[in-house]
Amino acid sequence: MKKIIFIFLIITSCSVFEEPNPSEAYYNFENEDLDKLLILELNDIVKYKNQYGEEIIYEAINVSDEFRTQRTRGNWVTSSIAKLFFYDKKDIELKNSAMNSSIDYRFTRYPVNDIEAEKNKNFKYASKFYARVYFDFWNGISDYREIYINYKSQKVSLMINGVNYKNVIIIESKNDKPNYNSTIERSANVVYYDTDFGIIGFDDLLNNEWRIID
């Protein structure tokens, strides 16, 4: 994987104090958001190996190619669809078919108060960049496979297979027991997330240390 910097023409964000837009508000990615988006192409391969030489291989099976998305809300009574504000998102889905396991990266620029934003779709409220990872092996207590990325967290450098990853956030589940679903034992309790490359490693309750390889 290579980190590529894209330069986009960004519409200046409006604050909550500005006049309402004549059409639906658009919560677009800001300049600082774009550098947090992972750069993966469809069919890219991501591999992890543990200290015993075992590998887990993921393939990118879905990479959204357009950011702009419209928030909608269905009305079950009238079967109508209300079109609300627009927002930017990028989704990346990695799949290991053999283990029926996935890693889903989801990045969005979304209004902080989405209830108010839905009530007044023409007004651009304060917004925030959100990054979440849905990792099937994660054993989080309350959120299970959902991991929130806090970019204000302390970052460290990790040398993995000759590569120095400089912006790594260490995320711990603080759960010493695995979670289960019908097919997967969720036992990963530590994730190493690099802000440029995504999950570069994880540890599990079986004392495996999985690290990314080229």
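## A strand-to-strand salt bridge

R132 is partly exposed, at 23% relative accessible area (partly exposed lies between buried, under 20%, and exposed, over 50%; 1.4 Å probe, protein chains only). R132 forms a salt bridge with E146, and the closest N and O atoms are 3.4 Å apart (a salt bridge puts a side-chain nitrogen of Lys or Arg within 4 Å of a carboxyl oxygen of Asp or Glu). R132 sits in strand β7 and E146 in strand β8 (residues 146-148), so the pair ties together parts 14 residues apart in sequence. E146 counts as buried, at 14%.

Strands (E, at least two residues) and helices (H or I, at least four) are DSSP runs, numbered from the N terminus.

## About the model

This is a predicted model: local features need pLDDT of at least 70, side-chain atom pairs count only at pLDDT 80 or more, and totals for chains, interfaces and linings use all residues. Residues are numbered from 1 along each chain as its sequence is written, and side-chain values use heavy atoms, leaving out hydrogens and water.

The whole structure holds 13 salt bridges. One of them joins K121 and E24 (3.8 Å, N to O). This pair links distant parts of the chain, 97 residues apart.

E30 and R109 also meet in a salt bridge, at 3.5 Å, N to O. Here 79 residues separate the partners. R109 is buried, at 4%.

## The nonpolar cores

The largest nonpolar core has 42 residues (such a core joins buried Ala, Val, Leu, Ile, Met, Phe, Trp, Tyr and Cys residues through side-chain atoms within 4.5 Å). Strand β13 (residues 188-194) gives the most to this core, with 5 residues. A second, separate core has 10 residues, including F85 and Y110.
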